[in-house]
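Please look through the sequence and the structure below before reading on. The paragraphs that follow take up a few places in turn.

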Amino acid sequence: MTFAATVLTLYPEMFPGPLGVSLAGRALREGTWALDAVQIRDFAIDKHRTVDDRPAGGGAGMVLRVDVLAAAVDHALAAHPGCPVVAMTPRGKPLTQERVRELAAGPGVIVLCGRFEGFDERIFAGRQVEEVSVGDIVLSGGECAALMLLDACIRLLPGVMGAPSSGQEESFENGLLEYPHYTRPVEWEGRTIPEVLRSGDHAKIAEWRKRCSEDDTRSRRPDLWERHVGARVQSASGAQREVQDD
């Protein structure tokens, strides 16, 4: 089944952009996934094709109109009724690898890209739209964030990464940062590849990589480490209860 990506945007010319090259581009050409970049302005209701208006209550900037947004979302849902709708906004829930896996396992995704001061809030009450953020940053629009979201999904589609194990040890896949990597030359400016990686002892290498992954996560991303430790404790408690119940 082809993964259907629909992007609702004021700048459809930004797509596929970087998704048209490398592994994602090849997968697009091979039909593993499909892309439809839809111009939001096509759903404007006046002769000037207006998509925004002044914010109610005053203030700077302009706000995307809810009637125009709803018409664009309805159009996309009519073409892909089983696809979730996500809006890229810094007010959204942080995007996680877990959510990316869920999206990639489905039929596709409809991505709503904001501009100006953002969306009329009523779009989230009037339509089932999930608010998603790619970080605590403010972009000029949701298109760059949409590219990130789609890239994360596409690389998980069957066959895109090549070997099935290619993405299993990436950062965040197991709740931790990935271990450090090295390649030739063995020595560079007095710095050498760690001896354990040259030992040929696969058990020791796996142990070293696991330790590095845990150490780096603990020092660089304490928030991830806390969640990881909490998940391990919860999992162990569940296993203990199962043993006792038996």
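Is Arg-49 buried, partly exposed or exposed? With a relative accessible area of 37%, Arg-49 is partly exposed; buried means under 20% relative accessible area, exposed over 50% and partly exposed in between, with a 1.4 Å probe and protein chains only. This is a predicted model, in which local features need pLDDT of at least 70 and side-chain atom pairs count only at pLDDT 80 or more, while totals for chains, interfaces and linings use all residues. Residues are numbered from 1 along each chain as its sequence is written, and side-chain values use heavy atoms, with hydrogens and water left out.

Arg-49 sits in the loop between strand E2 (33–39) and strand E3 (52–53). Helices (H or I, at least four residues) and strands (E, at least two) are DSSP runs, numbered from the N terminus. Although not a glycine, Arg-49 has a positive phi of about 55°. Glu-189 is also not a glycine and has a positive phi of about 50°. Glu-189 belongs to the loop between strand E8 (187–188) and strand E9 (191–192), and its relative accessible area of 59% makes it exposed.

One runs from Phe-15 to Pro-16, with omega near 5°, and Pro-16 is in the loop between strand E1 (3–9) and helix H1 (22–30). Another joins Arg-184 and Pro-185, with omega about 5°; Pro-185 lies between helix H5 (143–154) and E8.

Next comes helix H2 (residues 66–79). Its 14 residues should span 20 Å, and the end C-alpha atoms are 20 Å apart, which agrees; the expected span is 1.5 Å times one less than the number of residues. Val-68, Leu-69, Ala-70, Ala-72, Val-73 and Ala-76 are buried in H2. Among what covers them are E1, strand E4 (63–64), E5, strand E6 (108–113) and helix H4 (122–126), where contact means heavy atoms within 4.5 Å.

Aromatic rings are another topic. Rings of Phe, Tyr and Trp (its six-membered ring) pair if their centres lie within 6.5 Å, and planes under 30 degrees apart count as stacked, over 60 as edge-to-face and the rest as tilted. The count comes to 1 aromatic pair. Phe-119 and Phe-124 form this edge-to-face pair, 5.9 Å centre to centre with 85° between the planes. Phe-119 counts as buried because its relative accessibility is 12%, and Phe-124 counts as buried at 15%.
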